[in-house]
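Q: I have a structure open on my screen and I'd like to learn how to read it. Could you take me through it step by step?

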Amino acid sequence: MTQPIYLVGARGCGKTTVGVALAQALGCNFVDTDHYLLTSTKMSVADIVAQEGWEGFRRRESMALQSVTAPGTVIATGGGMVLADSNRQFMRENGVVIYLRAPAQILASRLEAFPEEGQRPTLTGRPITDEIVEVLAAREALYNQAAHHVVDATRPPAEIVEAVLAVLNTARAC
Ligand SMILES: Nc1ncnc2c1ncn2[C@@H]1O[C@H](COP(=O)(O)OP(=O)(O)OP(=O)(O)O)[C@@H](O)[C@H]1O
Ligand SMILES: O=C(O)C1=C[C@@H](O)[C@@H](O)[C@H](O)C1
Ligand SMILES: [Mg+2]
């Protein structure tokens, strides 16, 4: 597999968790756009949003997407990467896009257990469960539009990796 693999989906669907394991299984590199921004700006998502607003963060994450795109790489994107048409188009044209889909209730329980507020500042000002329902309703169509493949992300990470490998239908080496 030489084309980049982009993992998309809502906060808590497991893009980072599954991405690390998938890259290991494929013998690929792994990058995460949120982590890339954290290390390149030395600011958390909350810091960037406080200084530049969500608009500034979205601009930076679109640039990060282009910077991290490389052959033989599994790329965990931020939950809002699909919001920009240009990002969806870029991912579809430059690699294989996998939507890790899970219902709001499961996402909320994962995020309540590990909120990581610095990297996941509130998007709506509402409690996590309400926010996830609202955000998923607004974005589900965009995740589906972006994706070449949709994978059930409610199972344990190792099973999700196997499901992704099955849809990729490819040798496990870059
Ligand atoms: N398949 C899974 N089963 C159970 N827990 C999971 C699974 N995938 C991820 N988690 C847990 O859910 C939390 C969020 O996972 P992760 O950070 O990978 O999500 P993400 O999609 O990268 O979120 P974000 O969009 O905020 O970056 C973590 O605490 C992780 O351990
Ligand atoms: O769903 C979102 O809009 C976000 C998800 C995270 O991955 C971060 O990219 C950031 O907190 C925004
Ligand atoms: Mg992540």
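Predicted model: local features only at pLDDT ≥ 70, side-chain atom pairs only at ≥ 80, totals over all residues.

Q: Is G12 buried or exposed?

A: You count C-beta atoms, placed from the backbone: 20 or more others within 10 Å of a residue's own make it buried, 12 or fewer make it exposed, and in between it is partly exposed. G12 counts as buried because it has 27 C-beta neighbours inside 10 Å.

Q: Which residues does G12 touch?

A: Two residues are in contact if their C-beta atoms, placed from the backbone, lie within 7 Å. Not counting residues up to four places away in sequence, G12 touches L107, R110 and L111.

Q: Which residues does UniProt list with G12 for "binding site"?

A: Record features use the numbering seen here, their names are shortened, and the annotations may be inferred rather than shown by experiment. In an unreviewed entry, UniProt lists G12, C13, G14, K15, T16, T17 and R120 for "binding site". T17, for one, has its place in helix α1, and it counts as partly exposed because it has 18 C-beta neighbours inside 10 Å.

Q: What does UniProt say about D32?

A: The unreviewed UniProt entry places a "binding site" feature at T16 and D32. They are spread over 17 residues of sequence, yet they cluster in space, with a largest C-alpha distance of 6.7 Å. T16 is found in helix α1, while D32 has its place in strand β2 (residues 29–32). Leaving aside neighbours within four places in sequence, T16 is in contact with D32 and A76, and D32 is in contact with T16, G19 and A76. D32 is buried, because 21 other C-beta atoms lie within 10 Å.

Q: How many residues surround ligand 1?

A: The rule is that a residue is near a molecule or strand if its C-beta atom, placed from the backbone, lies within 6 Å of it. Ligand 1 is surrounded by 19 residues, and the closest are G14, T16, T17, R110 and F114. The elements giving two or more residues to this shell are α1 and α7. The largest share, three residues, comes from α1.

Q: What classes of residue make up the shell around ligand 1?

A: Ala, Val, Leu, Ile, Met, Phe, Trp, Tyr, Cys and Pro count as nonpolar, Asp, Glu, Lys and Arg as charged, and the others, Gly among them, as polar. Around ligand 1 you get seven nonpolar, seven polar and five charged residues.

Q: Which residues are around ligand 2?

A: They are R11, D34, V45, G78, G79, G80, Q119, R120 and L123. By class, the shell around ligand 2 has two nonpolar, four polar and three charged residues. G79 has its place in the loop between β3 (73–76) and α4 (85–94). Not counting residues up to four places away in sequence, G79 touches G9, A10 and R11.

Q: Let's do a helix. How far does α7 reach?

A: The expected span of a helix is 1.5 Å times one less than its number of residues. Helix α7 (residues 157–168) has twelve residues and reaches 16 Å from its first C-alpha to its last, close to the 16 Å expected.

Q: Which residues of α7 are buried?

A: I160, V161 and V164 are the buried residues of α7. They cover an arc of only 105 degrees around the axis, which puts them on the same side of α7; the arc is that of the directions from the helix axis to the C-beta atoms. These buried residues pack against α1 (15–26), β4 (96–101) and β5 (149–152). On the face of α7 turned away from the buried side, you find the exposed residues A158 and A166.

Technical notes. Residues numbered from 1 in each chain as written. Chains lettered and ligands numbered in written order. Helix = DSSP H or I, 4+ residues; strand = E, 2+ residues; numbered from the N terminus.
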